[in-house]
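Thanks for coming. Please have the sequence and the model open.

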Amino acid sequence: MKLKKSVAISENGFVFNASRGDSFSTNPTGTQILNWLREGQTDTEMKALLLKKYEIDEATCEKDLYDFIKMLNQQNLIEA
């Protein structure tokens, strides 16, 4: 799964989907996940990076990550 090329992300979390004209803002963690997706990180790799960076249990990390990815998919920001 990868972030679509038509998606632009600013350093402060502003996200713009040029193909649809949609935009939204995300927090620093969301911005980091978007950048990891752009780099081609897998779900497993992102989960490991989040667990290393934050004091969070694995179940919560996995749920939050997959909820965010689901939202990105609904917004048509990622491709398989």
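In which loop does N76 lie? N76 sits in the loop between α3 (58-74) and β5 (78-79). Helices here are DSSP runs of H or I with at least four residues, strands are runs of E with at least two, and both are numbered from the N terminus.

Two remarks on the source before I continue. This is a predicted model, in which local features need pLDDT of at least 70 and side-chain atom pairs count only at pLDDT 80 or more, while totals for chains, interfaces and linings use all residues. Residues are numbered from 1 along each chain as its sequence is written, and side-chain values use heavy atoms, with hydrogens and water left out.

Back to N76. Its phi is near 60°, a positive value in a residue other than glycine. Most residues other than glycine have a negative phi. N76 counts as partly exposed because its relative accessibility is 31%. The cut-offs are these: buried is under 20% relative accessible area, exposed is over 50%, and partly exposed is in between, with a 1.4 Å probe and protein chains only.

N76 leads us to N17, which is in contact with S6, V7, D22, Q75, N76 and L77, leaving aside neighbours within four places in sequence. Contact means heavy atoms within 4.5 Å. N17 belongs to strand β3 (residues 14-17). Is N17 buried or exposed? N17 is buried, because its relative accessibility is 2%. The N17 side chain also makes a polar contact with the side chain of S6, at 3.3 Å. A polar contact is a pair of N or O atoms within 3.5 Å; within protein, one must be able to donate a hydrogen and the other to accept it, and residues adjacent in sequence count only if both atoms are side-chain atoms.

Now the sheet. Three strands form an open sheet in the order β2-β3-β4, with antiparallel pairing. Two strands pair if DSSP finds at least two bridges between them. β2 (7-9) and β4 (22-25) each have a single partner strand, so one side of each is left without a neighbour in the sheet. From one strand to the next, the twist averages 15°. Angles run from 0 to 180 degrees between N-to-C directions, and axes are lines fitted to C-alpha atoms, for helices over the stretch in contact.

Take the β2 and β3 pair. Three bridges join these antiparallel strands. V7 has N17 as its bridge partner in β3, and I9 stands opposite V15. Their hairpin has four residues between the strands, and G13 there takes a positive phi near 95°.

F14 has S25 as its bridge partner in β4. This hairpin also has four residues between the strands, and G21 takes a positive phi near 80°.

Next, the helices. α1 lies across β2 and β3, running at about 130° to β2. T31 lies in α1 and is buried, because its relative accessibility is 7%. Beyond four places in sequence, T31 touches I9, S10, E11, G13 and T26.

How do α1 and α2 cross? The axes of α1 (residues 28-39) and α2 come within 11 Å and cross at roughly 145°. On the α1 side, T29, Q32, I33, W36 and L37 meet M46, L49, L50 and K53 in α2. These residues divide into six nonpolar, two polar and one charged. Ala, Val, Leu, Ile, Met, Phe, Trp, Tyr, Cys and Pro count as nonpolar, Asp, Glu, Lys and Arg as charged, and the others, Gly among them, as polar.

Last, L51, which is found in α2 (residues 43-53). L51 is partly exposed, because its relative accessible area is 28%. Not counting residues up to four places away in sequence, L51 touches I56, D57, E58 and C61. The C-alpha atoms of L51 and E62 are separated by 9.4 Å, with the two residues eleven apart along the chain.
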